[in-house]
There are 2 protein chains.
Amino acid sequence: MDNTGKKLYIQEVAPRDGFQNERQFIDTEDKIAFIDKLSASGFAKIEVTSFTSPKAIPALRDAEMVMHRIQRNPDVVYTVLVPNVRGAQRAMECKVDEVNLVMSVSETHNRANLRMTREQSLEQLAEVIAVVRDSGIAINVSLSTVFGCPMQGDINAFDVYELVGRFASLGVEGITLCDTTGMAYPSQVRRICAETRRLFPGVGLTLHFHNTRGMALANTMAALEAGIDRFDASLGGLGGCPYAPGASGNACTEELVHMLNLMGYDTGIDVERLLEISATLPALVGHDIPSQLLKAGTRSRLHPPPA
Amino acid sequence: MDNTGKKLYIQEVAPRDGFQNERQFIDTEDKIAFIDKLSASGFAKIEVTSFTSPKAIPALRDAEMVMHRIQRNPDVVYTVLVPNVRGAQRAMECKVDEVNLVMSVSETHNRANLRMTREQSLEQLAEVIAVVRDSGIAINVSLSTVFGCPMQGDINAFDVYELVGRFASLGVEGITLCDTTGMAYPSQVRRICAETRRLFPGVGLTLHFHNTRGMALANTMAALEAGIDRFDASLGGLGGCPYAPGASGNACTEELVHMLNLMGYDTGIDVERLLEISATLPALVGHDIPSQLLKAGTRSRLHPPPA
């Protein structure tokens, strides 16, 4: 098993998925400076912000300002979360590269999180897709609770495949399978990834793991074995889980990249540079962050022997 | 890949490897009660204590008392760490099932940690083995820094195989490959485990991971793929790393068992029971513990939808 030089695509979600969960508003200037540093770090994609109602997510009420003023690197895809047609129009005015739509595979979670039935979400997202499709802007759909719902429990994998199929038939470029609250486990990940790839070979798949129960990197291994080459992660592990106070949130970008680089994959990302950026996060968000790697340093950080 | 029913052996090291690192002395009665709960939880082996000098490790100065007064379950192997012949004699007087000897593959780490060259350690451990061998007590050797040394950096895998070979020729029953400071990564683990098994098919191998850089469970996956079926872990993730203040220590038992059970392996351990015991640890050690699973609960813990 030689992975040397195999290209992987790492997508940074901290500016949206991380900052959205912060209680303290992060200054627009700080957001822009943070994203500009990420843009020079080798990411394939950065999820910049969310074009939702400022009332719903006040933490990201500066979406336009951030999107307009970041320094865009032509090698990076800048994506934004969009809940509806109004959000899509705002995003298109900002000339984003991609819009990211969200709904849940779990009916209970979709109602709780989006206040709609899944059928209503599908209808609304189909309208967004119709508006965006001919604009040259790419469309990705993030499916929540693919590997389990914190309210409903297990998810029938056929519901996942059915939703992927419906969005594929609407012409979206990418689908993200999200482990929203860290319920995925490796054998399940391998099975669902392999089957989704088999059924929908034309769809670009991203895997989005959370480390809520410590399995983010083990699940990444399973996804790699199923041929997945595109992963979301959040610098510092930012992004909490409302159902597990104090637990880790998103897969931690620097830990993911550290492991993949050691395994010989080509992520295009320098982990020491990531750690420099990650080290600025505690001051930015006003609290300690889950990253273990920030505390320990990379594997190559050596220590003098005791005297 | 169906693991259903495949037997794995989980070995709990918190009473030795965890408690040894605690600043606050844990009452002997509390240690005994804790170990008695572990004994009824399905572990294949428990590392109970260390027969070192009370001056060197005051946290475990009650080794005899603990070993004499725990309730031994005939299905559990009770092992103790032993540094020298004197320690081995104390351990044998306590009728332990196994002694666990330690040295490092890294010359620098061995000198720093044990104040001896590797050759001196080998000589001393050979004496211990000679004393113990005919007593009916099993002998395991834990090799530190197999996957990297925090002072020296990379370790030549041939040094690992050479040491395994020397102890195998001395007739030890088991060898533990230890990732002492969390430097192991999956492709390396797979390679070294597979090669060690190929070279020494008669040696019982245990893998001992640390989660210092978030890879404990990913490395477990790699070891499983190389045919390893025996793992050390520490309840709550107890056991720090002196080179990474604030970082996680040992692989967390409840997180390991949670993942393996979900994958269909037969660990013989009920993770909910482990969480009950783990929940007593913060009070016992006087601080928060690294276990993410203790904060989040198992994957099957469901939450009511918001009103």
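Predicted model: local features only at pLDDT ≥ 70, side-chain atom pairs only at ≥ 80, totals over all residues.
Student: Is H4(B) roughly parallel or roughly antiparallel to H6(B)?
Tutor: Start from the angle: the axes of H4(B) and H6(B) cross at roughly 25 degrees. Angles under 35 degrees count as roughly parallel. Therefore H4(B) and H6(B) are roughly parallel.

Student: How many nonpolar residues does the contact of H4(B) with H6(B) have?
Tutor: On the H4(B) side, the contact is made by Val85(B), Ala88(B) and Met92(B). H6(B) brings Glu127(B), Val128(B), Val131(B) and Val132(B). By class, there are no polar residues and 1 charged residue, and the number of nonpolar residues is 6.

Student: At what angle to E4(B) does H6(B) run?
Tutor: Begin with the sheet of chain B, a closed barrel of 8 parallel-paired strands in the order E1-E2-E3-E4-E5-E6-E7-E8. Its neighbouring strands are turned by 25 degrees against each other on average, direction ignored. H6(B) lies across strand E4 (98-104) and strand E5 (138-144) of chain B, and its angle to E4(B) is about 170 degrees.

Student: And what angle does the direction of helix H7 of chain B make with that of E5(B)?
Tutor: Helix H7(B), residues 157-169, also packs on the sheet. H7(B) touches E4, E5 and strand E6 (174-178) of chain B, and its direction makes an angle with that of E5(B) of about 165 degrees.

Student: Which residue in E8(B) is the bridge partner of Gln11(B)?
Tutor: Gln11(B) belongs to a strand with pairings to follow on both E2(B) and E8(B). Strand E1 (residues 9-12) of chain B pairs in the parallel sense with strand E2 (residues 45-50) over 2 bridges, and in E2(B) the partner of Gln11(B) is Lys45(B). E1(B) also pairs in the parallel sense with strand E8 (residues 230-233) over 4 bridges, where Glu12(B) has Ala233(B) as its partner. For Gln11(B), the partner in E8(B) is Asp232(B).

Student: Is Thr145(A) buried or exposed?
Tutor: Thr145(A) is found in the loop between E5 and helix H7 (157-169) of chain A. Beyond its neighbours within four places in sequence, Thr145(A) is in contact with several residues, including Ser104(A), His109(A), Pro150(A) and Cys178(A). Its relative accessible area is 0%, and buried means under 20%, so Thr145(A) is buried.

Student: How many of the 10 residues of helix H10 of chain A are buried?
Tutor: H10(A) spans residues 253-262 and is mostly covered. Among its buried residues are Thr253(A), Leu256(A), Val257(A) and Met259(A). Of the 10 residues of H10(A), the number buried is 8.

Definitions and conventions. Residues numbered from 1 in each chain as written. Chains lettered and ligands numbered in written order. Heavy atoms only, no water. Pairing = 2+ DSSP bridges. Buried < 20%, exposed > 50% of the residue type's maximum accessible area, 1.4 Å probe, protein only. Axes fitted to C-alpha atoms, helices over the stretch in contact; angles between N-to-C directions. Parallel < 35°, antiparallel > 145°, perpendicular 65-115°, else oblique. Contact = heavy atoms within 4.5 Å. Nonpolar A, V, L, I, M, F, W, Y, C, P; charged D, E, K, R; others polar.
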